[in-house]
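Here is a short briefing to read alongside the structure. Take your time and look each part up as you go.

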Amino acid sequence: MTNAEISERLRQSKRYKEVKENLVKQLEIAGANTPTFLSLVDDYMEFWIIKEQTKLDIRMRGVYIPYNNGGGQVGTKENPSVANQLKISSQMLKILQQLHLDIDNAGGAFDDEL
């Protein structure tokens, strides 16, 4: 399956729709469902897709992956998805902060994750 196919499958997933609907609902409750903030929700969801892909890559290939530089050197190195996932999560948190959304006003949407 290609990255584009994985992205599309994630975009169509129930979880994707639940997360996006919850964020939009929180903006509506706060009276902040403006085009600018809704665009930030779209950005957040794009990061969500990338984060899910990095999680999948780590599950499939592991935290450490083999390398062969072609010059006779072989070994293992950290899967780049590990560092990327940290960076992506940080950006996602920054978007939530910019939107003034947090666990306190999530409307119970995150109860299952606590």
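There is 1 aromatic pair in this predicted model, where rings of Phe, Tyr and Trp (its six-membered ring) pair if their centres lie within 6.5 Å, and planes under 30 degrees apart count as stacked, over 60 as edge-to-face and the rest as tilted. The pair is Y16 with W48: the ring centres are 5.6 Å apart and the planes stand at 65°, so it counts as edge-to-face. Y16 sits in helix α2 (residues 14-30) and W48 in helix α3 (residues 35-61), so the pair links distant parts of the chain, 32 residues apart. Both Y16 and W48 are buried, meaning under 20% relative accessible area, while exposed means over 50% and partly exposed lies in between (1.4 Å probe, protein chains only).

**How to read the model**

- Residues are numbered from 1 along each chain as its sequence is written, and side-chain values use heavy atoms, with hydrogens and water left out.
- Because the model is predicted, local features need pLDDT of at least 70 and side-chain atom pairs count only at pLDDT 80 or more, while totals for chains, interfaces and linings use all residues.

**The chain as a whole**

- The chain has 4 helices and 2 strands; helices (H or I, at least four residues) and strands (E, at least two) are DSSP runs, numbered from the N terminus.
- Starting at the N terminus, the order of the elements is α-α-α-β-β-α.
- The chain has 114 residues, of which 30% count as buried.
- Of the contacts in the chain with a separation of 6 or more, 60% come from residues 24 or more positions apart; a contact means heavy atoms within 4.5 Å.

**Helices α2 and α3**

- The axes of α2 and α3 come within 10 Å and cross at roughly 155°; such axes are lines fitted to C-alpha atoms, for helices over the stretch in contact, and angles run from 0 to 180 degrees between N-to-C directions.
- α2 and α3 are therefore roughly antiparallel to each other, given that angles under 35 degrees count as roughly parallel, over 145 as roughly antiparallel, 65 to 115 as roughly perpendicular and the rest as oblique.
- The crossing of α2 and α3 is right-handed; a crossing is left-handed if the near helix is turned anticlockwise from the far one by less than a right angle, and right-handed if clockwise.
- On the α2 side the meeting residues are R15, Y16, V19, K20, L23, V24 and L27, and on the α3 side they are F37, L38, V41, D42, Y44, M45, W48 and I49.

**Other partners of α3**

- Helix α1 (residues 3-11) and α3 have axes that come within 10 Å and cross at roughly 120°.
- That angle makes α1 oblique to α3, and their crossing is right-handed.
- From α1, N3, I6, S7, L10 and R11 meet E46, W48, I49, E52, Q53 and L56 of α3.
- α3 and α4 pack with their axes 9 Å apart, at an angle of about 160°.
- α3 and α4 are therefore roughly antiparallel to each other, and α3 passes α4 in a left-handed crossing.

**S81, a buried residue**

- S81 belongs to helix α4 (residues 80-98) and is buried, with a relative accessible area of 10%.
- The side chains of S81 and D57 are joined by a polar contact of 2.6 Å; a polar contact is a pair of N or O atoms within 3.5 Å, and within protein one must be able to donate a hydrogen and the other to accept it, while residues adjacent in sequence count only if both atoms are side-chain atoms.
- Apart from its neighbours within four places in sequence, S81 is in contact with T54, D57 and I58.

**K77, a strand residue**

- K77 is in strand β2 (residues 74-78) and is partly exposed, with a relative accessible area of 42%.
- Not counting residues up to four places away in sequence, K77 touches V63, Y64, I65 and Y67.
- K77 and P66 are 11 residues apart along the chain, with their C-alpha atoms separated by 6.4 Å.

**A30 and H100**

- A30 lies in helix α2 and counts as exposed at 58% relative accessibility.
- H100 is in the segment after α4 and counts as exposed at 63% relative accessibility.
- Most residues other than glycine have a negative phi.
- In H100, phi is near 60°, a positive value in a residue other than glycine.
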